[in-house]
Amino acid sequence: MKKFYHLGTCTTCQAIIKDTKVDQKGFEMQDIKTEKITPAQLDEMKALSGSYESLFSRRALKYKELGLKDKNLTEKDYRDLILEEYTFLKRPVAIIGKKIFVGNDKKNVAALREAVDQL
């Protein structure tokens, strides 16, 4: 399975798509704003990443708006928040077989690029 979850309006996601060429390598592309993440998809991401917290973005504007930084969030909270609001998913998320790549930090993007190049 090759799947790429992204936000179509996110310039960082667009740059990563261009850099890694995932759109040319047969990945199923899902814009999480127009096609919501299903609970099953999120559960699969969690199984690969180890936790819902690792998939959660603290950069989302609503994180501060809702005062979440002052709350003690559980795994269930992280799951519910990501399903409720797409911006809480750390982007992009790429799945290649049993490997998952979450977020846009340099090391992660380099690892994704290397994995895509080996396809």
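A pocket, as I use the word today, is an open set of grid points where a 1.4 Å probe fits, with protein on both sides within 12 Å along at least five of seven lines, and a lining residue has an atom within 4 Å of one of those points. The model on the screen is a predicted one.

With that in hand, the largest pocket has 17 lining residues. Nearest its centre are Ser57, Arg59, Ala60, Arg91 and Asn104. The space in this pocket comes to about 360 Å³. Two helices to look at here are α1, residues 11-20, and α3: each of them gives at least two residues to the lining.

Let me stay with α3 for a moment, as Lys62 lies in that helix. Which residues does Lys62 touch, once neighbours within four places in sequence are set aside? They are Leu68, Glu85 and Phe88. With Glu85 the contact is polar, side chain to side chain, at 3.3 Å. As for Phe88, it is 26 residues away from Lys62 along the chain, and the two C-alpha atoms are 8.1 Å apart. Lys62 has a relative accessible area of 34%, so it is classed as partly exposed.

Next, Ser51. This residue is in the loop that runs between α2, residues 39-49, and α3, residues 61-65. Is Ser51 buried or exposed? It counts as buried, because its relative accessibility is 18% and the cut-off for buried is under 20%. Beyond its neighbours within four places in sequence, Ser51 is in contact with Lys46 and Glu75.

Now the sheet. As a reminder, strands in a sheet pair through backbone hydrogen bonds, either parallel or antiparallel. Here there are 4 strands in an open sheet, ordered β2-β1-β3-β4, and the pairing is mixed. At the edges are β2, residues 28-31, and β4, residues 99-102, each with pairing on one side only. On average, neighbouring strands are turned by 10° against each other, ignoring direction.

Inside that order, β1, residues 2-6, and β3, residues 93-96, run antiparallel and are joined by 4 bridges.

Definitions and conventions:
Residues numbered from 1 in each chain as written. Predicted model: local features only at pLDDT ≥ 70, side-chain atom pairs only at ≥ 80, totals over all residues. Heavy atoms only, no water. Pairing = 2+ DSSP bridges. Axes fitted to C-alpha atoms, helices over the stretch in contact; angles between N-to-C directions. Buried < 20%, exposed > 50% of the residue type's maximum accessible area, 1.4 Å probe, protein only. Contact = heavy atoms within 4.5 Å. Polar contact = N/O pair within 3.5 Å; in protein donor to acceptor, adjacent residues only side chain to side chain. 1 Å grid on protein atoms, 1.4 Å probe; cavity = no way out; pocket = protein on both sides within 12 Å on 5 of 7 lines; lining within 4 Å. Points joined across faces, edges and corners; volume = space filled by probe spheres on them.
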